[in-house]
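Hi,

Here's the structure I promised to pass along.

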Amino acid sequence: MNKDKLLREILKSDSLKEYWKDADPEIFNSRNLLSSDNNYIKALHYVLNANEGGSSKKLKIEGIFKLFNL
Amino acid sequence: MPITINKIELQNWFNYKGDYAKNTFEFKEGLNILVGDNNAGKTKLHNAFRFILKGEVLLEREKVGGYVEQKIDENNISKVLNKSLVNRDLKLNDMTTLGVKLTFTEKIDDYDSSTFLVTKEIKCRKDAQNMVIKEYVNTIHRIDPRTKAPRKTDDEFEKITAKIIPNNFLSFFFVEGEQLGLMTPLEGDKLKDTINSIVNIGTIDDIENFSSDFLREANQRQYSIEMSEVSLSQKVKDDLKKKENLRALLDDNTGYIYDCDEKIQNNELIRDNFKTAFESSKQNKALKSQLDSILGKINTAEAVINTTVNKYIAAYMNQTTFSICKLINEDGVRKNIDEYIENVKSFIFERRTELDSKKLNKHETEMIHLLEKSQPKPEILDKMISQDWCFVCDNKLSAHSRDFIGNKLLPFFRGTLEDDIELTKLDNIGQMFNSLNLSSQMYYGIDIEYFDDEEAGVIEKINHKLELESEKNEFINKHGTVQRDDEEDVSLVTYERALRELDKAAREKERFIGEEKRLNSEIAEIEKNEKRDTKNVSPKLTQINSVVSFAKLLNETIVNAKDNEYSEFADRLGEKATRRYQEFMVNNTVAKKNHIRVQIKKDKKNKYDFKIDVLNKFNEIQEQPGGADQSLRRVAVVFGLLDMAENKRGYPFIADAPISKLSPDTKTAFFKSLLNYQGLSQCMILNMDLWSAEKQGLNDIGDEVFKLIGTDIKSRFITIQHNVQNNCVDINYLK
């Protein structure tokens, strides 16, 4: 599936909207998510690029928790 | 990048005798049709592609039969190497080379391409017994685009051959007609792998997996933060611990359900695979038991007839004896017989006496009568002579007495006196009366009605046997002699075991689903209380609670997206494959109304699988094994997938006899469809369906297809004929 298509579905999802209510979802694509100030949007970068990059799944998940200081 | 096979060259490969130059097939980048009679060399050519692409050849298995892919070694090289070369041309210790060369071009873009020459050879020596392999040689050459000269490279052989058709595409793009069903999977991981390779649907699987793991990790972190949270009461912590334990149980339970699903899926597969064999075996077993029962009845009937009938026939054939015996057994007759016997005895005695009297004087005769009454023993008379003493009068024997005893008495009592005919006849009559007397006792108490009764019984038994024989013949005419083998028992056992396992797994699954409901409701109850009790908490707990909620909602959104993605994909593939299928079947009035349905199945771990069926216009699944619609279903799905692929994969489609089971109209439609099909870069179709053995040329369908491709510059039409005289193959380019 096209990642950007999935990203649009996620960003526009009614149940998830509240997590990025201050951001403009239209400006994001699967490659610029880390540029956001919103940690939830940044987290989407790790999720959507699950099968890409050199780091392991575990490290990627750890990366999300670091965003939230957890 | 699109691949075009330019040519394939064979050396001493099966019936392709001679060097590469003699056995070269040059192809066009579109549709290449190769036509030939049985044993012309089509499948052997297909095997040459296999040798390059898979490093193996399809050979018949010894003893057990059937075909299996094998590497070429010293045990089977004699099957692959040209027989005439080995048996006639090669001398002991001569070396020879078996090999295949394939040249292909990989198009990089509109301006650039690379051409490779792939060579796979086996060098061997003729030994007294067989061929001894000396060396396996695999080489790669790149063809210089300017000079066209080959330049040897160090490229890895398998890496370059995988460019032609990658391994995971082989079962779709390189197909054997008769085994199309076995070699082109339409369900399971192999289908999914291929689908993913073509349309990249697997990306969402990875994303969904990641989001599930993220949610799981978030839940765990939430639990450890909660447990270290001072603001929470002991009761809340106890509840959280309980909830965590319940979640762990729920996870285990989900795993059990997944195991059950897997068992169900595996056993369904076994059940479906063995269903036909089981039913035929079961029917066969019932028929065999029916036939055995008839044969058993015939054996019993035969045994009964053997005893009863033989007894009857023996008695029946002796009815004269019976009549006489009956007469003898009548009152008075037996008495008479006894009298006759006594009379005959008396006649015999009289005759003997008469005979003896001729030699004995009166005194001697009287003496003999007296002696006979005292039943003298010849041994005593012998003793009297030897001792020369008369034991009767206790005196020395006179010369006269010795002569009388020795020459007259002894022969008389020993019966060695000369017999005459009359005496012999009297003896015979006496024996006859004795015999009559004895045999008459056999039928004592039996009357003529006995034979009438027996006759009716025997006829009834014989008729019964004849009926059974006719039942047997009728059975054999209808069902044959019904042979069974061990494999049938395997089918019965395997199928029945699969059914039992299925039933067991379904019951287990039901139990685990019940358990899942119970665990979920307990967790929900705790969570309901949590909302009341966990208000004033630390910022860290607030943060993790928020991340957990996010992870949960994100996962739900992705799972929904995945569901939609797969459903849409299945619908689209169904449409595309149906379009291809109906195109193939355009001339078949029934099958052209069929359609292909692609279904998705989802298991407990959100893993998807596909199931592909052909349905008729009433939406009934068409699953006649080995039918043409089934073979083309696979081709239609592959072509449908390629239609869906946004970028053409560009692998050559190489099929041996893919249309052997189709009607003539459908065969033509198949070629027409291939000709117009833009999804494939190149097609090699080897078949005998366009060939007439009688004409030794193209048949009507062949002519029609030949006309069809006549104007297409990207197509080629090649005939292959076995040249018996020269023991090689003639390759002719009709186009």
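Before the strands, one term: two strands count as paired if DSSP finds at least two bridges between them. Bear in mind too that this is a predicted model.

With that in hand, take β13 (residues 595-602) and β14 (residues 608-615) of chain B: they pair in the antiparallel sense over eight bridges. I596(B) sits opposite V614(B) in β14(B). V614(B) also has a bridge partner in β15(B), namely Q622(B). That belongs to the antiparallel pairing of β14(B) with β15 (residues 621-622) of chain B, which has two bridges. β14(B) and β15(B) make a hairpin with five residues between them, and N619(B) in the turn has a positive phi of about 65 degrees.

Elsewhere in chain B there's an open sheet of six strands with mixed pairing, in the order β10-β16-β17-β3-β20-β21. Its edge strands, β10 (174-176) and β21 (728-733) of chain B, each pair on one side only. On average, neighbouring strands in this sheet are turned by 15 degrees against each other, ignoring direction. Within the sheet, β3 (residues 31-36) and β20 (residues 716-723) of chain B run parallel, with five bridges, and I33(B) faces F717(B) across that pair. Helix α1 (residues 42-54) of chain B lies across β3, β10, β16, β17 and β20 of chain B, at about 140 degrees to β16(B).

Last, the chain contact: chain A and chain B put in 20 residues each. On the chain A side, α1 (3-11), α2 (39-48) and α3 (57-67) of chain A each give two or more residues. By class, that side has 14 nonpolar, three polar and three charged residues.

Cheers

Technical notes: Residues numbered from 1 in each chain as written. Chains lettered and ligands numbered in written order. Predicted model: local features only at pLDDT ≥ 70, side-chain atom pairs only at ≥ 80, totals over all residues. Helix = DSSP H or I, 4+ residues; strand = E, 2+ residues; numbered from the N terminus. Axes fitted to C-alpha atoms, helices over the stretch in contact; angles between N-to-C directions. Contact = placed C-beta atoms within 7 Å. Nonpolar A, V, L, I, M, F, W, Y, C, P; charged D, E, K, R; others polar.
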